[in-house]
Amino acid sequence: MPSLLVRLPPYRDDAVAVLFTLAVVVLLGAPTGLLWSALAPHAKVVIDANGANFADAITEDFIAADAVFAGLILVVGLFTGVLAWLLARGAGSFVGIGLAAGGLLAALVAAEVGMRPGQDALQAAAQAGRAGNYVANVALQSNLVVVLWPVGALASFLTLVLSRPDQVE
């Protein structure tokens with residue numbers, strides 16, 4: 001008599017691969033944001049009787065900060081794709097899901113963390129009315145650049161998968 005029970009494939013390993021990849025990639029977001037803060041141009045802020053204003057509202061600083069962010073997260077994305085290939089290529093396409101979701105979340109974390117250093121001191125000076133010249137991190141102007149992390153990660157991971165199919169389990 002045939003069995004009426006159907007065995008479902010084990011999805012637990014696949015879920016672990018997705019969640020582990022996602023977690024590792026997201027954890028790289030904060031250090032990447034701090035690196036962006038250190039490398040990107042900063043805006044000059046003047047606090048006077050009129051409040052806090054940009055000393056020279058030149059858009060070049062804002063565009064350059066976005067360009068530094070874009071280049072940085074693309075390189076980090078490429079790195080995470082290679083790292084995923086080296087450590088988890090056996091999980092196959094499920095690693096790709098973790099790279100895509102984790103890369104997007106990590107880029108958002110990097111954008112937020114990279115804007116924070118020095119922000120509290122600047123706000124305190126503005127609220128206290130301490131006149132002077134200050135330097136501030138600029139916020140990310142183009143939110144679309146956050147997709148460069150998952151694009152870089154998937155591009156490097158898929159390139160390695162396609163170039164070495166014999167090593168994918």
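The structure holds 2 cavities of 30 Å³ or more. A cavity here is a set of points on a 1 Å grid over the protein atoms alone where a 1.4 Å probe fits but cannot get out. The model is predicted, with local features needing pLDDT of at least 70 and side-chain atom pairs pLDDT 80 or more, while totals for chains, interfaces and linings use all residues. Residues are numbered from 1 along each chain as its sequence is written, and side-chain values use heavy atoms, without hydrogens and water.

**Largest cavity**
- About 40 Å³ of space lies in the largest cavity, a volume being the space filled by probe spheres set on the points.
- Its lining residues (an atom within 4 Å of a point) are Trp 36, Ser 37, Ala 40, Pro 41, His 42, Gly 114, Asn 137 and Val 138.

**Aromatic pair**
- The whole structure contains 1 aromatic pair (ring centres within 6.5 Å).
- The ring centres of Trp 36 and Phe 69 lie 4.9 Å apart with planes at 70°, so the pair is edge-to-face (stacked is under 30 degrees, edge-to-face over 60, the rest tilted).
- Trp 36 is buried, with a relative accessible area of 1% (buried means under 20%, with a 1.4 Å probe and protein chains only).
- Phe 69 is likewise buried, at 1%.

Methods: Phe/Tyr/Trp six-rings, centres within 6.5 Å; stacked < 30°, edge-to-face > 60°. Buried < 20%, exposed > 50% of the residue type's maximum accessible area, 1.4 Å probe, protein only. 1 Å grid on protein atoms, 1.4 Å probe; cavity = no way out; pocket = protein on both sides within 12 Å on 5 of 7 lines; lining within 4 Å.
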